[in-house]
Amino acid sequence: MRTRPRSIRIDSLSGPGSRLHARIGTWGTWSVLALASEFGGEDRYSESVGPTTVGRADPVDDRKFVVITSVNEPTDAVRAFAAWDDWTTVVVGDRKSPPNWHVEGVLYLSLEEQSLRFPEFSCLLPENTYVRKMLGYLFAFENGADVVFETDDDNAPYATALADVEADLARDPSEVGAVEASTGWVNAYTLFGATDCWPRGFPLRQVGCAGAPPRRVGGHAQLPWGVMQYLVDGDPDVDAVYRLTRATKVQFAQARRLKLAPGSFGPFNSQGTLWRRKAFPLMFLPIGTTDRVADILRGYIALNSLWAGGLTLA
């Protein structure tokens, strides 16, 4: 058990103990940020409380992080994640975020703190865009994260969610069954009982496509997952076409796990996604896309890279 922290101020960490080097490259018609981060030294914390405050009382000693970005008043979902024991919840603010945003037990990074802590990287990220969430990733990396669970401020976890995530982390990541599709595309929603639904980023030409359904395979049984995508009941992550043509609420099958065999693609997002440390370099979001494209594009790039590195998506 952890006591809930009080608020303190974080001083600038732009000195030699925390060096960040960034360069901008291109991927297709998008700008993509390539990063090389070097972290070392100890965090410098001030006990004084000022206009830039975060909800931590001492240097971060957890190794598990929840990362959220928000421009809203604190939500019940954020408060629920803040109650997860042995996890540090980080909320990344933006220009539209309410002033004096605060939730007990949450580390809040305002724009000012983002600029102080990551001056080079922060100035490369447009304000009022989803990609500023990456500053929360960097905070987790800098503080020795082993796992990161990223989500949004409107995705409230079930009461059993923490136990479920901890069980997934404790379980051998190779134990999850693998699936593949002859078409090269897996609509994971159908495998969890939503037969007339598809995730945002799934190719529309594949919706309702005739052909053999995905099947379980044994050849990749030992391929461990590096990223696990959780599903949202009720109002899942779908595209505009689905919202315009369907109005049904979705309830996914529970206690079911699967992973993608190499060569079988499917989109994954940033709205309930668990990352192991080996996959951290693949978390960075492409700059120059719309917010609804950024995480999906990242997912397709990351999926190929996971397979190349001997991992996969579950």
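Predicted model: local features only at pLDDT ≥ 70, side-chain atom pairs only at ≥ 80, totals over all residues.
Figure 1. Asn 269 is buried, its relative accessible area being 7%, which falls under the 20% limit applied to buried residues. The side chain of Asn 269 makes a polar contact of 2.7 Å with the side chain of Asp 237. Leaving aside residues up to four places away in sequence, Asn 269 touches Asp 237, Arg 200, Gln 229, Asp 295, Ile 296 and Arg 298.

**Figure 2. The open sheet of seven strands.** The strands follow the order E7-E6-E5-E8-E13-E11-E14, and their pairing is mixed. The edges are formed by strand E7 (106–109) and strand E14 (312–313); each has a single partner strand, so one side of each lacks a neighbour in the sheet. Helix H5 (residues 161–170) packs on the sheet and touches E5, E8, strand E11 (225–229) and strand E13 (272–276). The direction of helix H5 makes about 30 degrees with that of E13.

**Figure 3. Pairing of strand E8 with strands E5 and E13.** Strand E5 (residues 64–69) runs parallel to strand E8 (residues 147–151), and four bridges join the two. Within this pair, Lys 64 stands opposite Val 147 of E8, and Phe 65 has Val 148 of E8 as its bridge partner. The pairing of E8 with E13 is antiparallel and extends over five bridges. Here Phe 149 is placed opposite Leu 274 in E13.

**Figure 4. Side-chain directions and burial along strand E8.** Strand E8 is mostly covered, with five of its five residues buried. Val 147, Phe 149 and Thr 151 point one way from the strand, whereas Val 148 and Glu 150 point the other way. Residues on both sides of E8 are buried, Glu 150 among them.

**Figure 5. Arg 79 in helix H1 (residues 76–82).** Arg 79 counts as partly exposed, because its relative accessibility is 42%, a value in the range between the 20% limit for buried and the 50% limit for exposed residues. With residues up to four places away in sequence not counted, Arg 79 touches Pro 74 and Val 103. Glu 104 lies 25 residues from Arg 79 along the chain, and the C-alpha atoms of these two residues are separated by 8.1 Å.

How values were computed:
Residues numbered from 1 in each chain as written. Heavy atoms only, no water. Pairing = 2+ DSSP bridges. Contact = heavy atoms within 4.5 Å. Axes fitted to C-alpha atoms, helices over the stretch in contact; angles between N-to-C directions. Buried < 20%, exposed > 50% of the residue type's maximum accessible area, 1.4 Å probe, protein only. Polar contact = N/O pair within 3.5 Å; in protein donor to acceptor, adjacent residues only side chain to side chain.
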